[in-house]
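Subject: Structure handover

Hello,

Here is the structure that I said I would pass on. Please look through it first, then read the notes below with it open.

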Amino acid sequence: MEMKNMLPIGSIVKLKGIGRKIMIFGYDQHNRSKPNMNFEYIGVVYPEGHIDSKLHLGFNHNDIVEVVYEGYQDEERQDFVNIMNSVKENL
């Protein structure tokens, strides 16, 4: 998925099969124990946030069933999106 379509950091979502809201805090995550498994997002339960890194949840955009809140966006985020899209195009 292109970065321009990704939800911003801080977005709150509901996921398939998860009863809790999840807050997005990162992108493009790799699973160390399963090297071929990558996730578009990483999140933590909301409202508690980070409790333990073992509770971080990797997921993809198609796992999202509802966007409860869309996070903050500004020019700095747009610059980041442009850089990430450029990097992915040149891989």
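This is a predicted model, in which local features need pLDDT of at least 70 and side-chain atom pairs count only at pLDDT 80 or more, while totals for chains, interfaces and linings use all residues. Residues are numbered from 1 along each chain as its sequence is written, and side-chain values use heavy atoms, with hydrogens and water left out.

The sheet

Start with the strands. Helices (H or I, at least four residues) and strands (E, at least two) are DSSP runs, numbered from the N terminus. Two strands count as paired if DSSP finds at least two bridges between them. Here 5 strands make an open sheet, with antiparallel pairing, in the order E4-E3-E2-E1-E5. The edges are strand E4 (57-59) and strand E5 (64-69); each has a single partner strand, so one side of each is left without a neighbour in the sheet. From one strand to the next, the twist averages 50°. For such angles, axes are lines fitted to C-alpha atoms (for helices over the stretch in contact), and the angles run from 0 to 180 degrees between N-to-C directions.

Strands E2 and E3 run antiparallel and are joined by 8 bridges. They form a hairpin with 2 residues between them.

The core

Which residues make up the largest nonpolar core? It has 10 residues: Met-6, Leu-7, Val-13, Leu-15, Ile-22, Ile-24, Tyr-27, Tyr-41, Phe-59 and Ile-64. Strand E1 (12-15) and strand E2 (21-31) each supply at least two residues of this core, and E2 gives the most, with 3 residues. A nonpolar core is a set of buried Ala, Val, Leu, Ile, Met, Phe, Trp, Tyr and Cys residues joined through side-chain atoms within 4.5 Å. Buried means under 20% relative accessible area, exposed means over 50%, and partly exposed is in between (1.4 Å probe, protein chains only).

Ile-12 lies in strand E1 and is buried, at 6% relative accessibility. Ile-12 and Gly-71 are 59 residues apart in sequence, and their C-alpha atoms are 7.5 Å apart in space.

Salt bridges

A salt bridge is a side-chain nitrogen of Lys or Arg within 4 Å of a carboxyl oxygen of Asp or Glu. By this rule there are 2 salt bridges. One joins the side chains of Lys-14 and Glu-66, at 3.8 Å from N to O. Lys-14 is in strand E1 and Glu-66 is in strand E5, so the pair ties together parts that are 52 residues apart in sequence. Lys-14 is partly exposed, with a relative accessible area of 31%, and Glu-66 is partly exposed at 38%.

Arg-20 forms a salt bridge with Glu-48, and the closest N and O atoms are 2.5 Å apart. This pair links distant parts of the chain, 28 residues apart: Arg-20 is in the loop between E1 and E2, and Glu-48 is in the loop between E3 and E4. Arg-20 is partly exposed at 36% relative accessible area, as is Glu-48 at 43%.

The surface patch

Ile-83, Val-87 and Leu-91 form a nonpolar patch on the surface, with about 350 Å² of accessible area together. Patches are made of residues with over 30% relative accessible area and no salt bridge; like charges are joined within 9 Å, and nonpolar side chains (Val, Leu, Ile, Met, Phe, Trp, Tyr) within 5 Å. Accessible areas come from the Shrake-Rupley method with a 1.4 Å probe, and for residues only the protein chains shown count as cover. Val-87 lies in helix H1 (residues 75-89) and is partly exposed, with a relative accessible area of 42%.

Backbone exceptions

Most residues other than glycine have a negative phi, and most peptide bonds are trans. Asp-28, in strand E2, is not a glycine but has a positive phi of about 50°. A cis peptide bond joins Tyr-46 and Pro-47, with omega about 15°, and Pro-47 is in the loop between E3 and E4.

Regards
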